[in-house]
Amino acid sequence: IHGKKMKRRHRLAEVLLEHLPFTGNQHATACRLEHAIDDDLEVALTIYLNNPKIDPSGTPIPSMSEDIEQRVNSGLTGLRSLNQLSKGESAEIKLIVAAKQELEMLNNLNLDIGEEISSLGSNSYKLQDMEILIDEETAKRIIISITNNLQN
């Protein structure tokens, strides 16, 4: 089971490096990183990377161990992706995983870490008294923390 855990952490590291402007040897760096990833970081990476199923080379990523899966799925983290925000709920944006062009587009909407956002339903959100549309795929890569529920 330890081998499966290390293989999972190595592949998560490869996915992470793919998201960064990293130009070094991805495989060698992931080999070093896998040893630095503890349970807490594995949970965070799984949430941050939206639980990827394959690494950049198309190789399947081993499934989470039961204890990691419980933590990812539990309220312990308090984090979820924007597309899981129910109509009327508000949240604080904690993390945005996006390509450079997409980040520029989101920045132009004043969508940034620390901002309060609420769901109006149907991919429509309220941000700084403005209504904005965010497609489902982009919303999956915006990690939020629920702040309140506006529906009484």
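Asp-39 has a relative accessible area of 28% and is therefore partly exposed; buried means under 20% relative accessible area, exposed over 50%, and partly exposed in between (1.4 Å probe, protein chains only). This is a predicted model, in which local features need pLDDT of at least 70 and side-chain atom pairs count only at pLDDT 80 or more, while totals for chains, interfaces and linings use all residues. Residues are numbered from 1 along each chain as its sequence is written, and side-chain values use heavy atoms, with hydrogens and water left out.

The pLDDT, the predictor's confidence in each residue from 0 to 100, averages 88 over the protein, and 95% of the residues score at least 70. Confidence is highest in β4, at 96, and lowest in strand β6 (residues 142-149), at a mean of 78. Helices (H or I, at least four residues) and strands (E, at least two) are DSSP runs, numbered from the N terminus.

The structure holds eleven salt bridges, each a side-chain nitrogen of Lys or Arg within 4 Å of a carboxyl oxygen of Asp or Glu. One of them joins Asp-39 to Lys-5, with the closest N and O atoms 3.4 Å apart. This pair links distant parts of the chain, since Asp-39 is in helix α3 (residues 39-48) and Lys-5 in helix α1, 34 residues apart. Another salt bridge, between Arg-71 and Asp-40, has its closest N and O atoms 2.6 Å apart. Here too distant parts of the chain are linked: Arg-71 is in helix α4 (residues 66-73) and Asp-40 in helix α3, 31 residues apart. Arg-71 is partly exposed, at 26%, and Asp-40 is partly exposed, at 47%.

Turning to the strands, two of them pair if DSSP finds at least two bridges between them. Strand β2 (residues 89-96) and strand β3 (residues 116-121) run antiparallel and are joined by three bridges; Ala-91 has Ile-117 in β3 as its bridge partner. β3 also pairs with strand β4 (residues 124-127), in the antiparallel sense, over four bridges. In β4, Lys-126 stands opposite Ser-118. Two residues lie between β3 and β4 in their hairpin, and Ser-122 in the turn has a positive phi of about 50°. Lys-126 also forms a salt bridge with Asp-129, the closest N and O atoms being 3.8 Å apart. Lys-126 counts as partly exposed at 38% relative accessibility, whereas Asp-129 counts as exposed at 70%.

Ser-81, in strand β1 (residues 79-81), counts as buried because its relative accessibility is 7%.
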